[in-house]
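Please keep the sequence and the model in view while reading the points below.

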Amino acid sequence: MMNTTAGQDLLLSRVLAAAVGATDEQTDSLRVFVCGSAAPLPTEGRAQACLAVLTPEHYLVVDAGSGSANNLGLSGLPAQRLDGVLLTHFHSDHISDLPAVNVVSWAGGRKGPLRVYGPPGVARVVNGFNEAFAQDRMYRTMHHGRTFMPKAFGRLEAIEQPVESSLSLGDLTIQSFVVQHSPVEPAVGYRFEYKGRSVVITGDTIVTDRLREMVAGADLLVSEALSLPLVEAIKAAADHSGRSRAAKILFDIQDYHASVKDVADLTRSTDVDMTALYHLAPAPRNRLMENIFKREFTDNMVLTEDRMWFELPVGSTEIRIRHE
Ligand SMILES: [Zn+2]
Ligand SMILES: [Zn+2]
């Protein structure tokens, strides 16, 4: 079948029919999609920090690191109804795919500029991207037509929020809270509440009392994590081979990320039902690294992969995990 033109066309149409709409289910639930599970350390098959949060009516993306727009597209997330992007802070691995997320959603039919929510400083990021992509917007409007892709809809719109603030979109409430990623200030995490289900996303931070308060009573914690045994081993190898700049960076990053042990302690000391780790420093490349990463795990901790789904149905305590 694969060797004839008609056979190839038939197979392709079946694959495409199965893929379209596969992920936009209308069950009443709070869902989290992992559009990027990696930190900036080199990795294969993983995009940098990105999580999508969906309800039947709303769709938000938290951070858009490099490669994340590709994952959103591959899994068919509903680009046309993207309500906004929430930024946790302005490190490159959290913002660099913002233009790609924007253009896909604009082409998909979004009715207005893409809202980019974030702590003070978000307007500077948005203004810079708007300027850098001004010509891109003009070309696309000229090529596809003013009514199909109006230039005004292709822009980003900054919505600056205090670090401690809350936002309501229908039944979905999003609370922004301060985290500790010094010298990066401001930096925030987000807690989502939807009809009795809740998810906390840490962004980049060490474990703090404020984070512990926000995690209390949540169903799912999606936390950044750094494996000290792995980072120390890679640092030692870098030292040994004379790569002093790499060794310095591997030392520096240890003081502003949460270690797996600290996240395990946080999980144990709160009543959170499940903790999923992302922004993996470093993302495991094989079973050995994965086992080392998991050394201090409690039995309700999981490692995320790109394009993994967590579904929290309303009216239950269940958390369903699905891999694409
Ligand atoms: Zn950061
Ligand atoms: Zn980061």
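His279 is found in strand E12, where strands (E, at least two residues) and helices (H or I, at least four) are DSSP runs numbered from the N terminus. His279 has a positive phi of about 50° although it is not a glycine. His279 is also buried, with 31 other C-beta atoms within 10 Å; a residue is buried if 20 or more other C-beta atoms lie within 10 Å of its own, exposed if 12 or fewer, and partly exposed in between, with C-beta atoms placed from the backbone.

The model is predicted: local features need pLDDT of at least 70, side-chain atom pairs count only at pLDDT 80 or more, and totals for chains, interfaces and linings use all residues. Residues are numbered from 1 along each chain as its sequence is written, while chains are lettered from A and ligands numbered from 1 in the order in which they are written.

**Backbone features in loops**

- Arg307, a residue other than glycine, has a positive phi near 70°.
- Arg307 lies in the loop between strand E13 (301-303) and strand E14 (308-313), and it counts as buried, with 21 C-beta neighbours inside 10 Å.
- Ala281 and Pro282 are joined by a cis peptide bond with omega of about -5°; Pro282 is placed in the loop between strand E12 (274-281) and helix H11 (287-293).
- Glu185 and Pro186 are likewise joined by a cis peptide bond, with omega of about 0°.
- The loop that holds Pro186 runs between strand E8 (172-178) and strand E9 (188-194).

**The sheet**

- Eight strands form an open sheet with mixed pairing, in the order E6-E5-E4-E3-E2-E1-E14-E15; two strands pair if DSSP finds at least two bridges between them.
- Strand E6 (156-160) and strand E15 (320-323) stand at the edges with a single partner strand each, so one side of each has no neighbour in the sheet.
- From one strand to the next, the twist averages 20°; axes are lines fitted to C-alpha atoms, for helices over the stretch in contact, and angles run from 0 to 180 degrees between N-to-C directions.
- Helix H5 (residues 122-132) packs on the sheet and touches strand E5 (114-118) and E6; two residues are in contact if their C-beta atoms, placed from the backbone, lie within 7 Å.
- The direction of H5 makes about 175° with that of E6.

**Strand E1 and its partners**

- In general, strands of a sheet pair through backbone hydrogen bonds, either parallel or antiparallel.
- Strand E1 (residues 29-36) runs antiparallel to strand E2 (residues 50-54), and 5 bridges join them.
- Within this pair, Gly36 stands opposite Cys50, and Val34 has Leu51 as its bridge partner.
- E1 also pairs with E14 in the antiparallel sense, over 5 bridges; here Ser29 has Pro313 as its bridge partner.
- Of the 8 residues of E1, 8 are buried, so the strand is largely enclosed by the rest of the structure.

**Helix H4**

- Leu98, Val101, Asn102, Ser105 and Trp106 are buried in helix H4 (residues 98-108).
- Seen down the axis of H4, the buried residues fall within an arc of 130°, so they line one face of the helix; the arc is that of the directions from the helix axis to the C-beta atoms.
- Gly109 follows H4 and has a positive phi, near 115°.
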